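Please look through the sequence and the structure shown below before reading on.

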Amino acid sequence: MSDWRKQDLEAGGALARRAFLALEKETADPPGVTRKGYGKGEKFAFDLMIGEAQALGVEHRYDAGGNLFLTYPGEDRSRVIQIGSHIDTVPHGGNYDGAAGVIAGVAAMAVFHAAGKKPPFDLCVVITRAEESCWFPYSYIGSRMALGILDPDLLDSLTRSDTGRTLADHMASDGFDPDGVKRGESLIDKAKVVAHIEPHIEQAPVLIDADVPIGVVTGIRGSFRYRTGKCEGAYSHSGAMPRKYRQDAMAATAELIVRMDALWEEMLAADRDVTITFGEVATNAEQHGFSKVAGETHICLDVRSQDQSALDHVQAQYLAIAEEIGKRRNVKFDFGEISGSTPALMSENLIGLMKSAAEEADIPYKVMASGAGHDAAIFALQGVPTVMIFIRNQNGSHNPFEAMEMEDFDKAVEILANMLARPAEDWL
Ligand SMILES: [Zn+2]
């Protein structure tokens, strides 16, 4: 059982309310808020967190690229538990995507501070830079930098979408050291990191539907995509051409989509984690016509799963079904280049600790996969034991209408505090 006093938990809650309010006010850009990577709003948020952390006696350090590390001393100072997320937003975004994770970490420190307790190891809130790829067109810049694995060439090739200035230039003018980033300098010694925990608002209505405030995340879905697929048949007269001579690209494409949708249902029924989406399907606007059999389609597939074998299965089925349809309907599918990302599984041990921390506090939770990508995936794929906690949130994210309830946020902080109070041997 955790034995936090009411006032310990309230100290975390008060800090969080203050911080969310200050962020909302100072980074307002109606509708919503805007905090650009290496921009004014992001800087305000970093300074705000330093101020809150200093009041708790917490040390702060920046790495070469400007990620911020706030360290609350633990019993054993040779190891560290990280809590991290980003604090930038998309343009006119909501106040919680990213910031909730950072503030939850500092709020958990406030709970320990109010109680006069120490966690078993140092507790470090890692605030990453420029997570949202709308500013610099690349994913997870900050977490890759934090681990010293950002491709050095990107510093001079990525440019910010609004200024056209390079990542290196923005970094240098904010007082950081792009050459250090290029050399792979890092404040993180992976051997000393016991755990990396990322709290985040949920970006879909799964928790709302399930009527539970908290999600314990088992994995971050990886993906494969065919963005430039096409189906080639032959244009012909809609009235004159008999069915058996047709090479109807549209009918073939439609059949492929329906059969992939059936495959998805079948996999869900077998409890396999997967999403299958055809987000772009089109006939050629320059040649199509209502009285023509379509001779060509453009078709995009996006498949995600936290399970690599499910991704492999869907890919193999896609090619096999397309081949079969192509032969029967006398058309040719060509899907072009494949791209994608590797699924990142969360640590079983940390999932267990998080569940029991929720049960201690009688907080209901749902075990679920993350459909969206997060910094946590980078840590997990680098071999750091990682877990995520989701907080229920209305209206999705990347829009001004994100609406997390503070009571739900408080529950996440209580779970974190319970978890962080567990003795050293539970973590190792
Ligand atoms: Zn986010």
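This is a predicted model: local features need pLDDT of at least 70, side-chain atom pairs count only at pLDDT 80 or more; totals for chains, interfaces and linings use all residues.

**Helix H3**
- Helix H3 covers residues 99-115, which is 17 residues, and from its first C-alpha to its last it reaches 24 Å, close to the 24 Å expected at 1.5 Å a residue.
- Since 15 of the 17 residues of H3 are buried, this helix is largely enclosed by the rest of the structure.

**Helix H13**
- Helix H13 is made of 15 residues, 406-420, and its reach of 21 Å from first to last C-alpha is close to the 21 Å expected at 1.5 Å a residue.
- Of the 15 residues of H13, 13 are buried, so H13 is largely enclosed by the rest of the structure.

**The whole chain**
- The protein chain contains 14 helices and 16 strands, and buried residues make up 46% of its 428 residues.
- Along its principal axes, the C-alpha trace of the protein chain spans about 85 × 50 × 40 Å.
- A compact globule of 428 residues would have a radius of gyration near 22 Å, and the protein chain, with 24 Å, agrees with this.
- When contacts between residues at least 6 apart in sequence are considered, 79% of them join residues at least 24 apart.

Terms used:
Residues are numbered from 1 along each chain as its sequence is written. Helices (H or I, at least four residues) and strands (E, at least two) are DSSP runs, numbered from the N terminus. The radius of gyration is taken over C-alpha atoms; the globule rule is 2.2 Å times the number of residues to the power 0.38. A residue is buried if 20 or more other C-beta atoms lie within 10 Å of its own, exposed if 12 or fewer, and partly exposed in between; C-beta atoms are placed from the backbone. Two residues are in contact if their C-beta atoms, placed from the backbone, lie within 7 Å. The expected span of a helix is 1.5 Å times one less than its number of residues.
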